[in-house]
Amino acid sequence: VQHFIVFVDSRCSLDLNGEDLQCNCTWKVYKLNTNINNCCCSLLCSSRPANSGNLISRKNTSIMSKLLFILFEHAAGYSLFSVKEFDEVASLLPQVESSVTDISKFQSVVKLNAFQAFRNGPNSLDNINAIAAGELHPDLHSFLEKEVPKSKKKVQIILGVGDAKIGAAISDTLGLSCQHTGVVVELMRGIRQHFSSFIKALTETTAGKAQLGLGHSYSRDKVKFNVNRVDNMIIQSISLLDQLDKDINTFSMRIREWYSYHFPELVKIVNDNYMYARLANLIGDRTKLTPDMEEAIEEIIMDSAKVKAIFDASKSSMGFDIGAIDLISIQTFCRRVISLTEYRKSLAGYLTSKMTSVAPNLAALIGEQVGARLISHAGSLTNLAKYPASTVQILGAEKALFRALKTRGNTPKYGLIFHSTFIGRAGPKNKGRISRYLANKCSIASRIDTFSDVPTAIIGEHLKQQVEDRLKFYETGETPAKNLDVMKQAVTEADSAKGEALKAQKKLAKKEKKRKLAEMNGDPNATLDTTNGDMEVDGEEPEKKKKKKKKDKGNLDQSMVTSEGDVTMEDTTPAKKSKKKKKQTEEESQENEIENGDDCSSKKKKKKETSGMDTSLNVTAEEGDGSAKKSKKKKKKSQE
């Protein structure tokens, strides 16, 4: 067997599939980094015949060179770097890794071509959000179009980016070939380390401040949400509610066991833990029960028969006497349990209010607590909306599911949904059906709550009615309404409710604006009308009156200057206000006539005189205008 060794130049492209060769030999190809003068490929064989000649000839192919540019996104702006000798850099990857730390070596490889700073903070935040989402911002689009050269026949332009998503967006819109792996990662690391040395105006401290400010604004923007629609509060409140239920049960059992040493008969009479704790705190020593305490005990129990039983049992109790110090400790513990139960009630009310604002459709369909448990188990409302109905159906029964899959038994039919009233009301044969149907409706309700701008519970109420109709269908065979008809009606009602809600929000926004304006002006008499829903500023009325008085004085002064021809008339007040004032003045005049008949006539005369003065002012103003024009004409004639 003859073995051939082929020396191939790096600039030549060969086809080594055996098409150009009439030989069945084993090939070993070596790539040389040195330059070959004649740039041709030769074949050397130890046992080649003398007349065989060259077995391989170079193909006439065009040489394609590559240029690598690196796009680097900084908190200060976009920068574009060019890499020298890309082929050598790509082949010498370990050397690049070692030269990253040395700035002199790194600057010999990488050169800054262009830099575009962000205009302001919001602009930088918009650009970074677009990059994080894998979208091409218009600023970046214009920057790349301006600075990156286009590929030619013999030159291929490659753009190195830090993320595959932004690379795909750039290649789709601009048609540039992007690379985010290999040597690009090490070059980006070096640029990030020595970025301040490439730009003279940017120091390390200013770059750090820019990064810190943009990081704070980016995190603030990511956490920005509607405060009234926060599902995290629901998750924490439902977990706290479950923990409080466990703690109150254990504490109440401790109270029953502790206080039973003194009054064991009370446990059988009162079953409720909250009532028992209140009674133990109120009664204290059973030997000191008096008829005066009967009303207070009846307020707690709300049953007169049980009150009599308590008094009878206290007289013939089997318990032993208890010391004063022990009784004080029991009563303090009872007060703590009472406060915990009261806090649990307030927390339940808070949970219902949050569920009605965050997920009203889910709360209307399945209840506040069950809906909150579903959200908590899923992690968030958006995660619950992403789940299919089959996952929602067995959510909370994962252990039973995997046990059934492992043992090849029956899978569970329901998880947390079992706590709803629908599955308990269904028959044993229909529990799986109704749980499947309820899970479908829950997934629809969660998706509506997640993606709706204005939350309303109308669709959830219609979904609940559908589940009720399906229960009736399983029990009696009554056919329910079609889903299409129900949803059409629900959508129309929801749209009308959304319109009303938007109007209410606009009114509230107007009220807040008016209140802020009143506070900015510093009006002490600014009051808010809660009944009519409008703002009325009492401090503005006297200012308007003062302005009108000043206008009247100005009119009087102008009437004196009409003869000279300099007349400036101001606008009068609107007709509506004048009508209201006339009515007010007429009512005041009538009252004054009743009280003082003689004074009334004098006031009317004065009013007539003032009205006559106003009309005369208007007439004199018009005459003054005419006289001024005539005087100007006479002067012109005299000059001519």
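In the predicted model, helix α10 (residues 231-259) packs against helix α17 (residues 368-378) at an angle of about 110°, and the two axes lie 9 Å apart. Angles of 65 to 115 degrees count as roughly perpendicular, so α10 is roughly perpendicular to α17. The crossing of α10 past α17 is left-handed. On the α10 side, the contact is formed by Asp231, Ile234, Ile235, Ile238, Leu241 and Asp242. Helix α17 contributes Gln369, Ala372, Arg373, Ile375 and Ser376. By class, this contact of α10 with α17 holds six nonpolar, two polar and three charged residues.

Helix α10 also packs against helix α15 (residues 324-358). Here the angle is about 155°, again with the axes 9 Å apart. Angles over 145 degrees count as roughly antiparallel, and α10 and α15 are therefore roughly antiparallel to each other. Their crossing is left-handed. The contact of α10 with α15 comprises 24 nonpolar, three polar and five charged residues.

A further helix pair is formed by α12 (residues 273-283) and α13 (residues 294-301). Their axes come within 10 Å and cross at roughly 170°. With the limit for roughly antiparallel set at over 145 degrees, α12 is roughly antiparallel to α13. Helix α12 passes α13 in a right-handed crossing. From α12, the residues Met275, Arg278, Leu279, Leu282 and Ile283 take part. They meet Ala296, Ile297, Ile300 and Ile301 of α13. The contact of α12 with α13 has eight nonpolar residues, no polar residue and one charged residue.

Turning to the strands, five of them form an open sheet in the order β6-β5-β4-β7-β8. The pairing in this sheet is mixed. Its edge strands are β6 (110-117) and β8 (177-179), each of which pairs on one side only. On average, neighbouring strands of the sheet are turned by 30° against each other, with direction ignored.

Strands of a sheet pair through backbone hydrogen bonds, in either the parallel or the antiparallel sense. Strand β4 (residues 65-73) pairs with strand β7 (residues 155-160) in the parallel sense, over six bridges. Serine 65 has valine 155 in β7 as its bridge partner. Lysine 66 stands opposite glutamine 156, also in β7. The pairing of β4 with β5 is antiparallel and runs over six bridges. Within β5, tyrosine 78 stands opposite glutamate 73. A hairpin of three residues joins β4 to β5.

Aromatic rings were examined next. The count of aromatic pairs comes to 13. In one of them, the ring centres of tyrosine 78 and phenylalanine 118 are 5.2 Å apart. The planes of these two rings stand at 75°, so the pair is edge-to-face, given that planes over 60 degrees apart fall in that class. Tyrosine 78 belongs to strand β5 (residues 77-83), whereas phenylalanine 118 sits in the loop between β6 and α4 (121-132). The pair therefore ties together parts that are 40 residues apart in sequence.

Glutamate 135 and lysine 165 are 30 residues apart along the chain, and their C-alpha atoms are separated by 7.7 Å. Leaving aside residues up to four places away in sequence, glutamate 135 touches Ala130 and Ile166.

Notes. Residues are numbered from 1 along each chain as its sequence is written. This is a predicted model: local features need pLDDT of at least 70, side-chain atom pairs count only at pLDDT 80 or more; totals for chains, interfaces and linings use all residues. Side-chain values use heavy atoms; hydrogens and water are left out. Two strands pair if DSSP finds at least two bridges between them. Helices (H or I, at least four residues) and strands (E, at least two) are DSSP runs, numbered from the N terminus. Axes are lines fitted to C-alpha atoms, for helices over the stretch in contact, and angles run from 0 to 180 degrees between N-to-C directions. Angles under 35 degrees count as roughly parallel, over 145 as roughly antiparallel, 65 to 115 as roughly perpendicular and the rest as oblique. A crossing is left-handed if the near helix is turned anticlockwise from the far one by less than a right angle, and right-handed if clockwise. Contact means heavy atoms within 4.5 Å. Ala, Val, Leu, Ile, Met, Phe, Trp, Tyr, Cys and Pro count as nonpolar, Asp, Glu, Lys and Arg as charged, and the others, Gly among them, as polar. Rings of Phe, Tyr and Trp (its six-membered ring) pair if their centres lie within 6.5 Å; planes under 30 degrees apart count as stacked, over 60 as edge-to-face and the rest as tilted.
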